[in-house]
Amino acid sequence: MDQGQEGAGETLYLETHRIPGLDPAKSTAVSSAMAIANIYEALLEYDYLKRPYVLKPCLAEALPEVSDDGLTYTFTIRKGIYFQKDPAFGPDEGSRRELVASDFVYSFKRVANATIGSPGYWIFRGRIRGLDEYRDQSVADGEGFDADRDVVGFQAPDDRTLVISLKEPYPQLLSVLSMTYTAAVAREVVEHYGAQFSEHPVGTGPYVLKSWNRNYRIEFSANPDWVSGDRIEVYPTEGAPGDREDGMLVDRGARLPLTSRIVNYVVGDPSTLWLMFLDGQLHYTEISTDNWDGVMTNTGLTPEMRKQGIRLRQKPALRTQYIGFNMSDPIVGRNKKLRQALACAFNSEEWVVFHKGRVSRATGPLPPGLAGHVDGESPYSYDLDKAMRLLSEAGYPKGIDPATGKRLQLVMDIGNTSTSTRESSEVIRAFFEKIGVVLELRYNTWPAFLEKTERRQTQVFRLQWVIDYPDAENFLQLFYGPNASPGANRTNYDDPEYNSMYEKARSMQDSPERTALYEAMSRKLIEDGPWLYIDHLMNYVPYHQTLRNYKIHDFPYGMRKHLRVMSSEQEGG
């Protein structure tokens, strides 16, 4: 390989969940988005090292020119960027095509067109001139994707120019344009593979799909054209090679990607996952509750772990774990008192102890560190007496369902079958048992779980939201009525007062007034309870010291190109 790739023959081994497909327009799950971002790229991306997080150009030549009224964004597309070689571009073995601005227009329309079924339409809904009308027409058409129908808000006047026209200011637009939903796909590839497109990804990114066994593993290899000159990315050049940043070796002035092969294993059992990590079959992982005492002390990793060449990264995660209530359900959706009673039955202190202090109690939808986070005691924190009183007011005295004369029974769907998930779900069931409510636990594969929530087939479900961009609006849009399933609003919460507040806040720039509005929205969500707010996670990520440049990133999509795997002989610089 080219200079800068020494050591890149080593393979990066990681874990993943079962991935339903590799279509950017359907990259709703973290596991899918991480895989897709190896292959596909967007206009912008986050800087890997800088904190606070900073956006930088990716497929765009530079950040856009923005009109004085904030409604028109003009991007210049980089020259010399090619889609990976594929038969879709022609009969010759090396056929490929250069990226042009119209590829983004096509890709954005795929997100908006109802026949595609993208859960990511929320990023554009109500924002782009002519796009809602385009979507409405696609609903009326019923079948087929009309890629040629004009959308005034997405224009490509020439191959290098992309113009986005907004209905109103959209402060989060640049962040959205770094998401995998907005990655560039080629029309020829989509039409060539048809229904199998999600299994034949062809992007502009640093890796290509090498092999894929859905239930076992997915493998990527470095895109030779990306490496060999068409795309020469340079790691931050300040300092000298081998500088240490935040206690870790960092490659300076090196060409990306730094690892030529990535293998992700689908591992559902945390015990197996941990043994694979200790055996060197995974380069980093998370510490499960079962392994915590044998790995961690009050000051960090145990001496035994460090002797094995294992190091630790830790950082609060911008994510919230929750129990969601389907507001379309006739029992939990129409009974606020019931949802409040269940919230008061959730013993947060016992939950934190169960998780060895790895989590903190969630007092509302927003994690600490985001403007609008509500701190302090929730009016629906753990209180069994209050829970019983609210349950009676909800029409279920002592948990008895008057319609049956038996205890109220609810069903909670879960998209993970691991031992730790089962054990923690049993803890939740025991919490509800104390107020007389029976909770049936129904386990699903991850794809089946997503399909159920998108089709509103759940009653209660357990999930977490991982932030897409550093703005509380990313959480608050999860409760906006028009974003209901199959969109991001999986609870189907639709409150006129909340919708009005959201519509006002979403076009506001960062300001004390917007923060106050965010707080008011959070308090309303705490009162209405479409979620039972479980916890916020602290990331503890052990990694082998042969892995260089690893840094926890809240927006890690496409960041694996920065990781270098060293042999034991090479490590130690």
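Visitor: Where is Pro486 located?

Guide: Pro486 lies in the loop between helix 15 (473-476) and helix 16 (496-505). Helices (H or I, at least four residues) and strands (E, at least two) are DSSP runs, numbered from the N terminus. The bond that leads from Ser485 to Pro486 is a cis peptide bond, with omega near 10°. This is a predicted model, in which local features need pLDDT of at least 70 and side-chain atom pairs count only at pLDDT 80 or more, while totals for chains, interfaces and linings use all residues. Residues are numbered from 1 along each chain as its sequence is written, and side-chain values use heavy atoms, with hydrogens and water left out.

Visitor: Which residues does the other cis peptide bond shown here join, and where is its proline?

Guide: Arg51 and Pro52 are joined by a cis peptide bond with omega of about -5°. Pro52 belongs to the loop between strand 2 (44-46) and strand 3 (55-57).

Visitor: Why is Asn492 called buried?

Guide: Buried means under 20% relative accessible area, exposed over 50%, and partly exposed in between (1.4 Å probe, protein chains only). Asn492 has 7% relative accessibility, and therefore counts as buried. Asn549, with a relative accessible area of 2%, is buried by that rule as well.

Visitor: How do you know whether Asp148 is buried or exposed?

Guide: The relative accessibility of Asp148 is 59%, so Asp148 counts as exposed. Asp148 is placed in the loop between helix 3 (131-141) and strand 6 (154-158).

Visitor: What does Asp148 touch?

Guide: Contact means heavy atoms within 4.5 Å. Leaving aside residues up to four places away in sequence, Asp148 touches Lys109 and Arg187. Between the C-alpha atoms of Asp148 and Val66, 82 residues apart along the chain, the separation is 26 Å.

Visitor: Why is Ile552 called buried, and which residues does it touch?

Guide: Its relative accessible area is 11%, so Ile552 is buried. Ile552 is in the loop between strand 24 and strand 25. Not counting residues up to four places away in sequence, its contacts include Arg51, Tyr53, Gln314 and Asn539. Gln314 is 238 residues from Ile552 in sequence, and their C-alpha atoms are 7.6 Å apart.

Visitor: What makes a space a cavity, and what makes it a pocket?

Guide: On a 1 Å grid over the protein atoms alone, a cavity is a set of points where a 1.4 Å probe fits but cannot get out; a pocket is an open set with protein on both sides within 12 Å along at least five of seven lines; lining residues have an atom within 4 Å of a point. Grid points are joined across faces, edges and corners, and a volume is the space filled by probe spheres set on the points.

Visitor: How many residues line the second largest pocket, and of what classes are they?

Guide: The second largest pocket has a volume of about 570 Å³. Among its 27 lining residues, Gly21, Asp23, Lys26, Ile116 and Ser198 are the closest to the centre. Ala, Val, Leu, Ile, Met, Phe, Trp, Tyr, Cys and Pro count as nonpolar, Asp, Glu, Lys and Arg as charged, and the others, Gly among them, as polar. By these classes, the lining has 12 nonpolar, six polar and nine charged residues. Helix 14 supplies the largest share of this lining, four residues.

Visitor: How do you know that the chain as a whole agrees with a compact globule?

Guide: The radius of gyration is taken over C-alpha atoms, and the globule rule is 2.2 Å times the number of residues to the power 0.38. For 573 residues the rule gives a value near 25 Å; the chain has 24 Å, and therefore agrees. Of these 573 residues, 59% count as buried.
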